[in-house]
Amino acid sequence: MANERKSLFHFGYRRSPDQDAGKPPSHTVIIVGAGPVGLSLAIDLAQRGVPSVLLDDADRIGEGSRGLCYSKRTLEILDRLGVGEKLVQMGVTWKLGRVYLGDRSVYSFDLLPEDGHKMPAFINLQQFYLEKALVDRVQELPQIDLRWRNRVTGIEKRNDGVTVTIETPDGPYRLEAAWVIAADGARSTMRDLMGLEFKGHTFEEKFLIADLRMPADDIPTERRFWFDPPFHSGQSALMHRQPDESWRVDLQLGPDADIEHELKPENYTPRIRKMLGDRDFHVDWVSIYRFNCRRIDRFVHGRVVFVGDAAHQVSPFGARGANSGVEDAENLAWKLVAVLRGDAGDALIESYELERMQAADENIGHSTRSTDFIAPRSPAERTLRNAVLSLAPHAD
C-alpha cells in the first residue's frame, strides 16, 4: 500500500514558459503552498473565473495521516469546490465521542443528533487522500497553473503588487503578481522572508502519533479519548478509525520524553501493544509531536496575505487546524475576486484579517484550554481536572 501511495502521490517537475521570459511575467494571483489551504483557495478562485499560479517546493504529497478530522462546515466548503461527496465516500463518517477516566466511560457526546444534513458531522480521512482529491480537482481547472519544485526564495513588495523570486531544478526565475497568498504552512518560508514572528505559546508536552493497520470491526467508529488509562498510566491516549483498516493513535509521553529514544520501534511498539492487547497490527507511520498555540500579528501585509498554518497554529485537540485554514481560504476567495473585478477596494481584504484573526484567537483560546486540561502544568490544575472528570458522569 505504501508503494502504491508513493506512485499515486508523487509529481514531477516541469519547466514553465515563464522561466524563459525576458522579464518577469505578470500574473493575477500567486499562491505559495499546495497543501489543503492553498489548493482550496486556488480552486475557489478558479470557479469564480480568477486564474492563479500555485507554487510548491516539494514534488509529492506528504506521508502519514497528519490532518485527519474534517468537520461538517469544511465538508460543505469542499463540496462547493467539487470534492465533498468524493471525500465523504472515501472517509470514515462519525459523530459520537467518548471520554474515559481509567477504563470507565465518564462522558459522551453526539455532534449531529438530528437527521437531514447533506454532510456528516465529521469524517476521518488521511490528509494525503484529501490533498490528492484536491490536486485531481485542480487538474480539471485550466485557470490553475500548479508548479511543483518551485521554491520561493525572495519577495519584493510594491504598492500595486509583488515580485517573487523562485528557485527550481533549472535555476531561478522571477514572477510578478497583483496579489500573493502565503499558504505554505507552519514552517512558512514566506513568513521568514518577510521577517514575521509567531507569537503565542509552545507546549513542551510530547505525544507519540502513529498510523496502524489492523482489522478491528469490533471497535465502534467513534472518537475515544482516555485520561489515565490502565494501558498508559498517568497519561492520556486518543484513538480514531481511518480508511484502509487503518487506525490513528496518540499517546501522551510527557515533556521530558526523549524523542530519539521514543521513535525506535523497540520502544514505541510495546506502548502500542499494551494499548491494543493481543491484536495484530502493522505500523505504517510514526512521529513525535509538540504543538503551538500562536499567530502572527497581522494576516494582511499590503498585497501579501497569510492563510492557514502560515498565519496561525493550534494544538490538534479539537480539529481546528486544517478546518480553520480551509475556512480562511473561503473567507478570502470571494473578497479577493470582488477586489480584482473592481467591485470593492483593497479595504475589503482588511475585513478578511479582522474576521479570521478573531477566529484564530477563538481557536487558540479553546485549544490552549483543552491542552491545559489534557496536560496540567501544576498539581492544582491536575486536581481540578480530575475533579471535573469525576463529576462528568453526573452532568446532564
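Arg-149 is placed in the loop that joins strand S8 (144–148) to strand S9 (151–158), where helices (H or I, at least four residues) and strands (E, at least two) are DSSP runs numbered from the N terminus. The model is a predicted one, in which local features need pLDDT of at least 70 and side-chain atom pairs count only at pLDDT 80 or more, while totals for chains, interfaces and linings use all residues. Residues are numbered from 1 along each chain as its sequence is written, and side-chain values use heavy atoms, with hydrogens and water left out.

Although Arg-149 is not a glycine, its phi is positive, at about 55°. With a relative accessible area of 38%, Arg-149 is partly exposed, a class that lies between buried (under 20% relative accessible area) and exposed (over 50%), as computed with a 1.4 Å probe on protein chains only. A positive phi, of about 50°, is also found at Asp-228, again not a glycine. Asp-228 belongs to the loop between strand S14 (223–227) and strand S15 (236–242), and its relative accessible area of 38% makes it partly exposed.

Asp-250, by contrast, lies in strand S16 (residues 246–254) and counts as buried because its relative accessibility is 5%. Its side chain makes a polar contact of 2.9 Å with the side chain of Tyr-289, the term denoting a pair of N or O atoms within 3.5 Å, of which, within protein, one must be able to donate a hydrogen and the other to accept it, with residues adjacent in sequence counting only if both atoms are side-chain atoms. When residues up to four places away in sequence are not counted, Asp-250 touches Leu-208, Ile-209, Ser-236, Ala-237, Leu-238 and Tyr-289, contact meaning heavy atoms within 4.5 Å.

Ser-188 occupies the loop between strand S11 (171–182) and helix H6 (189–193) and is buried, with a relative accessible area of 0%. A polar atom of the Ser-188 side chain lies 2.9 Å from the backbone nitrogen of Arg-191, and, leaving aside residues up to four places away in sequence, Ser-188 touches Phe-306 and Ala-310.

Two helix pairs were examined. The axes of helix H2 (residues 36–47) and helix H5 (residues 127–138) come within 10 Å and cross at roughly 25°, axes being lines fitted to C-alpha atoms, for helices over the stretch in contact, with angles running from 0 to 180 degrees between N-to-C directions. H2 is therefore roughly parallel to H5, given that angles under 35 degrees count as roughly parallel, over 145 as roughly antiparallel, 65 to 115 as roughly perpendicular and the rest as oblique. In H2, Pro-36, Leu-39, Ser-40, Ile-43 and Gln-47 meet residues of H5 that include Leu-130, Leu-134 and Val-138.

For helix H9 (residues 321–340) and helix H10 (residues 347–374), the axes come within 9 Å and cross at roughly 170°, so that the two helices are roughly antiparallel to each other. Among the residues that make this contact are Asn-331, Leu-332 and Trp-334 of H9, together with Ile-349, Tyr-352 and Arg-356 of H10.

The structure holds zero disulfides, a disulfide being a pair of cysteine sulfur atoms within 2.5 Å. The cysteine sulfur closest to that of Cys-69 is in Cys-293, 17 Å away, which is too far for a bond. Cys-69 is buried, with a relative accessible area of 15%, and Cys-293 is likewise buried, at 3%.
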